[in-house]
Amino acid sequence: MNLPSAMRAVRLKAYDGKPESIVLDEVPTPKPDPGQVLVKVFASPINPSDLAFLAGLYGFKKSLPTIPGFEGSGTVVEAGAGFLPGLLKGRRVACAAADPKIPGGMWAEYVVTSAQMCVPLSKQTSFEQGAMMLVNPMSAYAMISIAREGHHRAIVQTAAASALGRMIVRLGRKYGIPVINVVRRPEQVQILREMGAVHVVDSSATNFDQDLLELCREMDATIGLDAVAGDLTARIMRAQPKGSRMLVYGALSMKATEIDPGLVIFEGKKLEGFWVSGWLAKKNLLSRVKVAREVQSMLGNELKSEVQGKVPIANAAEALHQYMTNMTAGKVLLTP
């Protein structure tokens, strides 16, 4: 295949979170090194993790200017040296560019990434669903797995009306684990009720803390999944029974979490961070293949991602505004 010498890409010029700090540039088409592949990008979603990266608040930064975008899908068109890259050449894949050592990202026509960060797509998995597979569906699957392995009787989660939150609701139903869903607006209560969620509480309500306390103690919700951080983490942990565990996997509030030390000293509660990349890194290749198959088998049902729009990368700033204005409506996909 004859590849172009240059490609179009979205580039970030400053870590300030402002739409005007991203521009469309023409840059050289990258070449894969040993162990890497070159992917012709089909689509890449905008995720909360991308918003944090654009604002300089993610777990790492890349040298500026850089191409954003942590996940997406496409076709492997060129392979660097190595068995796995050669095996992937010509395959449809979901892939990630969440390695600080790799300069590029997914919001481009082509991306170079490690072959180990690519997952072959089955015939039943569309490029569209594959593009959104490695962040939300994989995280939801991982955290439900942790809850099941820990034999927790119930889950309490924040940002329950988000794409990932709805996946947790559906997975809880699938595996028979009740979920207490925390949202921040009355209309989000209605959204979850309509999809069959039983236990929904609104953090903006005056009786929220008491209602949450009663539900958590009654249902023994000993594991929490928090995407918001800030003071909400502590409010959830106070409501949980003694010996509970809280996994913080996001910071939608863009605020630090502060908790009463008494919760961890006298009540034996644990506050932990969760990052799906770290969870996957602890698994061997065979286990990662098994997880990828199980996740893909549920992309049409429990782990399905809703899409509110598809936008060309030339209009990335408008796409960011659309997503940030109404994140509950579904993902916005950037397409070359």
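V248 stands opposite G273 in strand 13 of this predicted model. Strand 13 pairs with strand 12 (residues 245-248) in the parallel sense, over 4 bridges.

- The open sheet is formed by 6 strands in the order 10-9-8-11-12-13, and their pairing is parallel.
- Strand 10 (199-202) and strand 13 (270-273) are the edge strands; each has a single partner strand, so one side of each lacks a neighbour in the sheet.
- From one strand to the next, the twist averages 20°.
- Helix 7 (residues 208-219) packs on the sheet, where it touches strand 8, strand 9 and strand 10.
- The direction of helix 7 makes about 155° with that of strand 10.

**Helix 5: length and end**
- Helix 5 (residues 163-175) has 13 residues, which should span 18 Å at 1.5 Å a residue; the end C-alpha atoms of helix 5 are 19 Å apart, in agreement with that expectation.
- Just after helix 5, G176 adopts a positive phi of about 70°.

**Helix 5: burial and packing**
- The buried residues of helix 5 are L164, G165, R166, M167, I168, V169, R170, L171 and G172.
- These buried residues pack against two helices, helix 4 (136-149) and helix 6 (186-194).

How values were computed: Residues are numbered from 1 along each chain as its sequence is written. This is a predicted model: local features need pLDDT of at least 70, side-chain atom pairs count only at pLDDT 80 or more; totals for chains, interfaces and linings use all residues. Side-chain values use heavy atoms; hydrogens and water are left out. The expected span of a helix is 1.5 Å times one less than its number of residues. Buried means under 20% relative accessible area, exposed over 50%, partly exposed in between (1.4 Å probe, protein chains only). Contact means heavy atoms within 4.5 Å. Two strands pair if DSSP finds at least two bridges between them. Axes are lines fitted to C-alpha atoms, for helices over the stretch in contact, and angles run from 0 to 180 degrees between N-to-C directions.
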